[in-house]
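Please read them with the structure open beside you.

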Amino acid sequence: MQTASNHLLTSSSFVPNFPCSKSFLKHPNLTFLISPICSSSSKDGPKKPTRRRSYGSSRKSVLRKTFKQEQVTFTAPVSDDPLVAIIGGGMSGLLCALQLEKRGVRSTVFDTGIHGLGGRMGTRSIDEMVFDHAAQFFTVSNSAFCELVDEWSQKGFVRQSQGVIGELEAGGQFFPFLSSPPRYIAVNGMRTLADSLLSQSSMIEVVRPCWISSMEPYNGMWHLSENGKHRGQFDTTVIAHNGKCANRLLSTSGLPLIARQMKRLDLSSIWALLAAFEDPLPFPGETDAPFEGAFVKGIDSVSWMGNNTQKLSSSQKVGPPHCWTFFSTASFGKRNKVPQENIPSATAEKVKLLMLAGVENALGLEIGSLKTPIYARVQLWGAALPTNTPGIPCIFDPLGRTGICGDWLLGSSLEAAALSGLSLGNHIADFLKSGGSRPDEFAVGLHEDFHPLQGHEIGQFPGLEFNKDICEAEVQLQA
Ligand SMILES: Cc1cc2nc3c(=O)[nH]c(=O)nc-3n(C[C@H](O)[C@H](O)[C@H](O)COP(=O)(O)OP(=O)(O)OC[C@H]3O[C@@H](n4cnc5c(N)ncnc54)[C@H](O)[C@@H]3O)c2cc1C
């Protein structure tokens with residue numbers, strides 16, 4: 001059996017290129033793919049296209065394709081030893097894979113991560129500086145997730161963070177949360193949790209960095225490829241990512257219901273500033289800021305500030321350097337949005353200065369008195385957090401044998417992502433066990449309406465605010 005650790009494939013290309021157009025013909029047992037370009041197959045899957053057509057990527061073009069496509073219908077019985085493709089190695093994709101393994105189902109996780117798995121639980125290490133540059137901590141409210149987090153704690157993957165957090169109002173007014181629920185962090189930065197989770201798996205293969213650019217049905221299986229390079233064939237596919245990438249992938253996949261649900265999702269944009277200081281951040285009347293993290297109120301360019309050095313240190317004495325992660329508000333993110341993979345240096349500089357000025361204002365410091373950081377880097381999370389949700393654990397299309405998991409199905413947090421992944425893994429295991437002969441029983445979430453999501457700019461944390469969907473999510477797990 002292939003393991004996560006010994007099967008890291010590499011690929012240097014990251015240029016979106018979509019192999020071929022297609023149309024589908026239904027057959028009692030098989031779904032055929034008919035295409036002048038991809039019409040023949042080999043043992044390893046469809047023959048490599050001789051000609052490539054990259055489809056238009058404008059929103060209009062993607063929408064047109066999304067709504068025109070015909071439904072793929074697989075009718076062949078599911079194989080005895082099915083293999084599931086999971087596109088996305090964030091919290092939801094990884095927990096989907098682990099739940100499938102628990103149920104005896106093999107999977108392959110594809111992820112674009114160059115530095116590692118984890119998606120938005122990312123950690124950046126530069127020399128001795130460590131920054132969690134998206135998720136800062138997580139809270140637990142659902143009993144299924146609670147059980148899992150207890151297990152992670154016992155294994156030493158995560159621990160509770162004891163630092164003070166609270167609200168910081170412009171001008172340096174800090175209000176600590178007096179009875180906040182336990183907050184968990186991964187011991188050496190959030191990304192290490194992703195690696196730890198798969199450390200004992202034996203039925204999960206990881207392929208990264210890999211950007212799946214097309215999924216095509218052929219001979220009763222999904223054939224995945226990366227810019228024309230065949231990446232394997234699978235009985236079932238999981239979309240464990242969202243945003244522009246997912247909309248493009250789904251716009252020609254033959255999964256109109258899944259594609260429509262994905263297109264309903266709205267996402268915020270948030271800037272992150274990673275900054276390291278020689279000295280502790282000053283605070284009026286104190287030697288340094290009296291908190292490890294703070295939700296900032298009343299400042300457009302900063303909504304959260306977290307002392308990552310203090311959070312990740314096991315001793316009282318921390319730094320230098322003092323590594324802080326700052327996040328903007330979503331409205332600041334929207335107003336200053338640029339292509340996240342190609343940030344103009346003028347924009348990066350402007351955003352950095354505006355965010356540092358915001359920090360100064362939040363801390364109640366005199367203008368220009370904040371010392372220049374010894375290291376600073378901005379990053380845009382173009383698809384940061386969902387702003388609406390269908391409020392269901394997962395989506396599954398049994399005809400097309402494809403499901404979706406991700407934070408946005410239940411909320412905007414690691415807990416929501418974990419519950420969604422667990423739930424889809426379980427649902428797919430049940431479906432595969434049924435042999436695929438009773439598809440109607442397994443359709444989930446294909447027509448659910450969406451409602452707006454409330455919460456902090458960087459997620460929902462029960463106890464710090466209430467999330468009904470997560471508390472009530474029924475995640476039935478079978479060992
Ligand atoms: C700035 C910020 C701060 C946050 N802070 C917190 C916090 O403090 N606490 C908290 O609980 N939550 C927080 N969140 C939210 C939390 O990070 C997410 O809810 C969670 O990580 C989502 O997990 P996911 O698996 O749904 O998606 P993701 O983590 O986004 O995983 C999707 C993965 O799929 C990959 N992918 C995409 N397209 C493809 C493709 N075509 N082929 C292969 N791979 C692909 C991506 O690279 C990514 O690795 C924060 C988010 C942001 C942006």
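1. Gly166 stands opposite two residues on different strands: Ala294 in β19 and Pro176 in β11. Strand β10 (residues 165–169) runs parallel to strand β19 (residues 293–297), with 5 bridges joining them, while β10 and strand β11 (residues 173–176) pair in the antiparallel sense over 4 bridges. Strands here are DSSP runs of E of at least two residues, helices are runs of H or I of at least four, and both are numbered from the N terminus; two strands count as paired if DSSP finds at least two bridges between them. The hairpin of β10 and β11 has 3 residues between the strands, and Gly171 in that hairpin takes a positive phi near 100°.

2. Two cautions apply throughout. This is a predicted model, in which local features need pLDDT of at least 70 and side-chain atom pairs count only at pLDDT 80 or more, whereas totals for chains, interfaces and linings use all residues. Residues are numbered from 1 along each chain as its sequence is written.

3. As for the protein chain as a whole, its secondary structure comes to 11 helices and 26 strands. Buried residues make up 50% of its 479 residues, where buried means that 20 or more other C-beta atoms, placed from the backbone, lie within 10 Å of the residue's own, exposed means 12 or fewer, and partly exposed is in between.

4. The C-alpha atoms of Glu205 and Thr108 are separated by 4.6 Å, although the two residues are 97 residues apart along the chain.

5. Some backbone geometry deserves a check by eye, since most residues other than glycine have a negative phi, and most peptide bonds are trans. Arg208 and Pro209 are joined by a cis peptide bond with omega about -5°, and Pro209 is found in the loop between β13 and β14 (214–218). Asp127, in the loop between β7 (123–126) and β8 (129–132), has a positive phi of about 50° and is exposed, with 8 other C-beta atoms within 10 Å. Arg401, in the loop between β24 and β25, also has a positive phi of about 50°, but Arg401 counts as buried, with 29 C-beta neighbours inside 10 Å.

6. The ligand is surrounded by 40 residues, the closest being Gly88, Gly90, Gly119, Arg120 and Asp407, where a residue counts as near if its C-beta atom, placed from the backbone, lies within 6 Å.
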